[in-house]
Amino acid sequence: MQRRGFVHRRARVRLNIVKVTGVSTPTRPFKENEDWLGSGPDMVVVLDGCGVGDALAADVDRRCVHGLPWYVKTLGTALLRSGADRATPLPDALATAIADTASAHRGRCDLRHPATPASTVVVLRQNREAVEYLVLSDSVLVVDDGGEEPMVLTDDRLNRLNLTPYGEAAPGSAEFVEISRRRADELARARNRPDGFPIAAADPKAAYRALTGHLGRGRVRRALLATDGATRLVELFGKMTWLGLLNLAETRGPEEVIARTRSVEESDPDSSKWRRGKVHDDATVAFCQF
Ligand SMILES: [Zn+2]
């Protein structure tokens with residue numbers, strides 16, 4: 001009889017929907033957020049608008065009257081809508097969302113311009129007994145599947161590009177600004193090119209170059225979706241492991257991940273210890289408990 005009771009409890013746990021806690025915060029208060037976080041009953045979406053570094057933030061021309069905050073908001077809500085039907089595969093849902101977003105500004109904006117608004121995408125969707133994922137560009141999905149180390153899913157094609165290095169250029173100097181400009185051009189030109197990297201912009205085909213797959217529902221214990229502004233403790237500063245980040249988000253909440261990131265950034269305000277185009281970046285973390 002005891003055994004039956006045990007089986008019953010397990011079944012009840014499996015029916016629980018995933019619990020999501022998340023936070024998305026711009027680099028500083030009152031600045032518009034170029035990240036986006038949204039969730040539906042069975043789905044979580046994290047986006048990171050493809051922006052430029054601090055040196056160019058004021059003078060870049062994206063040939064779009066709407067801007068990145070509008071783009072990520074429009075794409076994110078369209079994706080929650082198109083992905084709500086669980087019969088629709090995630091790449092199809094993303095392709096529809098990209099097409100819908102392009103329709104919403106085609107005519108007023110030059111969508112063929114290489115620097116038209118673009119965004120990374122991470123989606124997690126619970127679909128009956130499977131947990132489906134889609135990762136496009138350099139945002140990250142970390143999954144605790146019970147193994148010693150979590151699975152880390154990201155598309156590093158962007159980070160493998162040979163961009164002009166900052167070298168010894170001092171942040172804020174004219175040379176640094178010039179290098180930032182060159183890097184922004186190189187990035188824009190590599191978008192959605194066969195030898196570049198795929199990213200959501202105006203062409204729905206990018207959705208089919210995303211990293212996708214699914215895991216058995218029973219395998220997934222915890223998951224974390226994050227933009228690169230929220231993975232700096234691991235990827236840039238080397239302050240913790242992916243498992244450490246997952247544990248921190250679980251025990252202290254996603255806010256603490258961002259608070260600690262900000263505190264390390266503030267300890268290096270001129271990017272001299274950790275060379276980076278943005279001193280702070282918009283940062284988003286969604287923590288999912290299964
Ligand atoms: Zn536009």
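Select Phe 176 to begin. With a relative accessibility of 5%, Phe 176 counts as buried (buried is under 20% relative accessible area, exposed over 50%, partly exposed in between, using a 1.4 Å probe and protein chains only). Before moving on, note that this is a predicted model: local features need pLDDT of at least 70, side-chain atom pairs count only at pLDDT 80 or more, and totals for chains, interfaces and linings use all residues. Residues are numbered from 1 along each chain as its sequence is written, and side-chain values use heavy atoms, with hydrogens and water left out.

**Ring pair**

Tyr 166 and Phe 176 form a stacked pair, 4.6 Å centre to centre with 10 degrees between the planes. The pair links distant parts of the chain, 10 residues apart: Tyr 166 sits in the loop between β7 (151–153) and α4 (174–190), and Phe 176 in helix α4. Helices (H or I, at least four residues) and strands (E, at least two) are DSSP runs, numbered from the N terminus.

**Zinc site**

Now select the zinc ion. Which protein atoms are its donors? They are Cys 64 (SG), His 66 (ND1), His 105 (ND1) and Cys 109 (SG), at 2.1 to 2.3 Å. Donors are N, O and S atoms within 2.8 Å of the metal (3.2 Å for Na, K and Ca). Along the chain, the donors follow the spacing C-x1-H-x38-H-x3-C. The site is tetrahedral, with angles of 95 to 118 degrees among its 4 donor atoms (four donors qualify if all angles lie between 85 and 135 degrees). Click His 105: it is buried at 2% relative accessibility. Cys 109 is buried too, at 10%.

**Cavity**

Last, select Val 18, Asp 42, Met 43, Val 44, Leu 124, Arg 125, Gln 126, Cys 288 and Phe 290, which line the largest cavity. A cavity is a set of points on a 1 Å grid over the protein atoms alone where a 1.4 Å probe fits but cannot get out; lining residues have an atom within 4 Å of a point. This cavity holds about 40 Å³ of space. β4 gives the largest share of its lining, 3 residues.

Terms used: On a 1 Å grid over the protein atoms alone, a cavity is a set of points where a 1.4 Å probe fits but cannot get out, and a pocket is an open set with protein on both sides within 12 Å along at least five of seven lines; lining residues have an atom within 4 Å of a point. Grid points are joined across faces, edges and corners, and a volume is the space filled by probe spheres set on the points. Rings of Phe, Tyr and Trp (its six-membered ring) pair if their centres lie within 6.5 Å; planes under 30 degrees apart count as stacked, over 60 as edge-to-face and the rest as tilted. Four donors count as tetrahedral if all angles lie between 85 and 135 degrees; four count as square planar and six as octahedral if opposite donors are over 155 degrees apart and all others between 65 and 115; anything else is irregular.
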